[in-house]
Amino acid sequence: MARVLDDGRLSGHPSLMTSSSPAEPLPAVVTGQAATLITVAPTGAESDKAAVPALPVTLGELVGAAKQCRAAGAAVIHVHIRDDQARPTLDLARLKDTVLALRESTDLIVQLSTGGAVTDSLEDRLAVLDAAPDACSLTCGTVNFGDEVFANPWPFIRDLYARTQELGVVPEFEIFDLGHAATLHRLLADLGAPHGGHVHCDLVMGVPGGMPGDAATLTAAVAALPEGATWSATGVGRATLPVLLAALAAGGHLRVGMEDTTSFARGRPVTGNAELVERAAALACLAQRPPMRPDEARVMLGVNGRR
Ligand code: KMH
Ligand code: ZN
């Protein structure tokens, strides 16, 4: 298995060693190349464990996936949790236990989802921040979500953002559509900079009802972001690879994981989150932008030390 070493080098994957060194790519810190932040979204709220047995749904499975993904090159974990029946839940005690367990077993930045499932109440989604994660997702508008609606009304976005500022949680602004970028500008103009002072966005592309996952749309979305913002991109389902490649080409960062795709290739189910991170890390190394370590990501994102 290819692994990203602590200094950013890729080991164990000779076919992907393409830098000036014949053996291994030099770390970004030596070459001065920009590094690639890789976020893993291992679970999500949509896939069914019975249909996707490799989906991590218990705390043990989640921690195991987190460790493997860290070794493969991830620096951030975007977390949704499940109950004992593997159904999505926002149970606060479980969320707190999850944050602690991930902190104890990895140095990943722990980003809790405030999006939850489309059936979750706005109140429960707001309360996620009480689990004291390092970071959280913050979706910047309502979007059709397949046959459902992922509701993010403006007053909720405002309240959630104000609460991140109060509690010192770093938000990642989720952009499912171009109008969400306009809402992000409005939010920053109304309430000021996020905790940590840096704006980081994730373009979620290819959701049925949101923006499509192609290079032209990615370019337009990036142009609509606030100046100085960094961004990653996520392609859902068959948009996974086009978005990953377009994001690398455009200088962006990456989010991958079984929340977004359960197929590694046509007809070949994903066997675990680590192989998605491994593929992203290998492509980032090919692009001579090796994976960023969590400590480097903390600096970029303005995430403080452990609380
Ligand atoms: N599960 C989706 C309805 C987020 O995590 O912030 C929303 C979602 C976004 O996954
Ligand atoms: Zn999510």
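This is a predicted model: local features need pLDDT of at least 70, side-chain atom pairs count only at pLDDT 80 or more; totals for chains, interfaces and linings use all residues.
User: What conventions apply here?

Analyst: Residues are numbered from 1 along each chain as its sequence is written, and chains are lettered from A and ligands numbered from 1 in the order in which they are written.

User: How many helices and strands does the protein have?

Analyst: Both are DSSP runs numbered from the N terminus: helices are H or I with at least four residues, strands E with at least two. This protein has ten helices and 16 strands.

User: What share of the residues counts as buried?

Analyst: Buried means under 20% relative accessible area, exposed over 50%, and partly exposed in between, with a 1.4 Å probe and protein chains only. Here 56% of the 307 residues are buried.

User: How is a pocket read, and what lines the second largest pocket?

Analyst: On a 1 Å grid over the protein atoms alone, a pocket is an open set of points where a 1.4 Å probe fits, with protein on both sides within 12 Å along at least five of seven lines; lining residues have an atom within 4 Å of a point. The second largest pocket holds about 250 Å³, and its lining includes Arg238, Phe264 and Arg279. Helix α8 (240-249) and strand β15 (263-265) each supply at least two of the lining residues. For the largest pocket, the volume is about 480 Å³; among its 26 lining residues, Glu46, Phe145, Val236, Glu259 and Asp260 lie nearest the centre.

User: Which residues are around ligand 1?

Analyst: A residue is near a molecule if one of its heavy atoms lies within 4 Å of it. Those around ligand 1 include Glu46, His78, His80, Phe145 and Glu259. The side chain of glutamate 46 has an N or O atom 2.8 Å from a nitrogen atom of the ligand. For serine 113, the distance from such a side-chain atom to a ligand oxygen is 2.6 Å, and for serine 137 it is 2.6 Å.

User: Is threonine 217 buried or exposed?

Analyst: Threonine 217 counts as buried because its relative accessibility is 16%. The residue is in helix α7 (residues 215-223). Heavy atoms within 4.5 Å make a contact; leaving aside residues up to four places away in sequence, threonine 217 touches Met205, Met211 and Pro212.

Terms used
Side-chain values use heavy atoms; hydrogens and water are left out. Grid points are joined across faces, edges and corners, and a volume is the space filled by probe spheres set on the points. A polar contact is a pair of N or O atoms within 3.5 Å; within protein, one must be able to donate a hydrogen and the other to accept it, and residues adjacent in sequence count only if both atoms are side-chain atoms.
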